[in-house]
Amino acid sequence: MEIELIYSMNNKIEYKYFLLFFIFSCFASFLTSVRFCVALKYIDFKLNILDSWSYVLAVAPFNLFIPSKGGEFGKAYLLRSELDYADTVGSVIIEKYFDIVALNTIGLIGAIINNNFYVMLFFILVLIIILSIPLFFTKKTIKRKNNLLEKLINIFKVFERVYKKPQTSMFLFLNCLSI
């Protein structure tokens, strides 16, 4: 009885949706790999698209289990033999930074379209705070010896390059909007 039910449900499946899902997933992962290549340009490292795509696909299963796409730091781990770990972690943080800026921009546009003044003010305030983060980390100096703080500052040194490379920043922002 249950086998017949499974067989009848299998006949009702429209495989065109699986094909569409597969095509859109491949396209989204390709855009993610392009974004990763662009983020690596901040640390002056060139990676071709296929290698970048292999890193993106390698960490994709981890994103299923680690909250907030924390598996993305696996890309930094995979590149640790070729680059300084602080630089690769910084490039992943830059990716996530532009994701947050893009999502807040989408929220601001939605609040403007809906004519919701208070939500619009909220998104403007959040965008101002987020956009000031690179300014904070580029001006930070350490007065006393603290290894953990030094490592964090080294990771966020990538933010110094955000304002120095505006074309790369704009491309990364637009790529984040498209994903």
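1. **Basis.** The model is predicted: local features need pLDDT of at least 70, side-chain atom pairs count only at pLDDT 80 or more, and totals for chains, interfaces and linings use all residues. Residues are numbered from 1 along each chain as its sequence is written, and side-chain values use heavy atoms, with hydrogens and water left out.

2. **α2 against α5.** Two packed helices are described by the angle between their axes and the distance between the axes. Helix α2 spans residues 15-41 and helix α5 spans residues 85-113. Their axes lie 9 Å apart, at an angle of about 120 degrees. That makes α2 oblique to α5. Helices here are DSSP runs (H or I, at least four residues), numbered from the N terminus. Axes are lines fitted to C-alpha atoms over the stretch in contact, and angles run from 0 to 180 degrees between N-to-C directions. Under 35 degrees counts as roughly parallel, over 145 as roughly antiparallel, 65 to 115 as roughly perpendicular, and the rest as oblique. The crossing of α2 and α5 is right-handed. A crossing is right-handed if the near helix is turned clockwise from the far one by less than a right angle, and left-handed if anticlockwise.

3. **Residues at the α2–α5 contact.** From α2 come T32, R35, F36, A39 and L40. From α5 come S91, V92, E95, K96 and D99. Contact means heavy atoms within 4.5 Å. By class, the contact of α2 with α5 has four nonpolar, two polar and four charged residues. Ala, Val, Leu, Ile, Met, Phe, Trp, Tyr, Cys and Pro count as nonpolar; Asp, Glu, Lys and Arg as charged; the others, Gly among them, as polar.

4. **S91.** This residue sits in helix α5. S91 counts as buried because its relative accessibility is 0%. Buried means under 20% relative accessible area, exposed over 50%, and partly exposed in between (1.4 Å probe, protein chains only). Leaving aside neighbours within four places in sequence, S91 touches F36, A39, L40 and V158.

5. **R35 and its partners.** Side chains of opposite charge can pair when their charged atoms come close. A salt bridge is a side-chain nitrogen of Lys or Arg within 4 Å of a carboxyl oxygen of Asp or Glu. R35 bridges E95 at 3.0 Å, N to O. R35 is in α2 and E95 in α5, 60 residues apart. R35 also bridges D99, at 2.7 Å. That pair too links α2 to α5, across 64 residues. R35 is buried at 3% relative accessibility, and E95 is buried at 0%.

6. **K96 and D99.** A salt bridge joins these side chains at 3.1 Å, N to O. K96 and D99 are three residues apart in α5, so about one helical turn separates them. K96 is buried at 17% relative accessible area, and D99 is buried at 16%.

7. **The network.** The whole structure has six salt bridges. R35, E72, K75, E95, K96 and D99 are linked in a network of them.

8. **α2 against α9.** Helix α9 covers residues 166-178. The axes of α2 and α9 come within 10 Å and cross at roughly 160 degrees. That makes α2 roughly antiparallel to α9. The crossing is left-handed. On the α2 side are L31, V34, R35, V38, A39 and K41; on the α9 side are T168, F171, L172, N175, C176 and S178. The α2–α9 contact divides into seven nonpolar, three polar and two charged residues.

Terms used. Helices (H or I, at least four residues) and strands (E, at least two) are DSSP runs, numbered from the N terminus.
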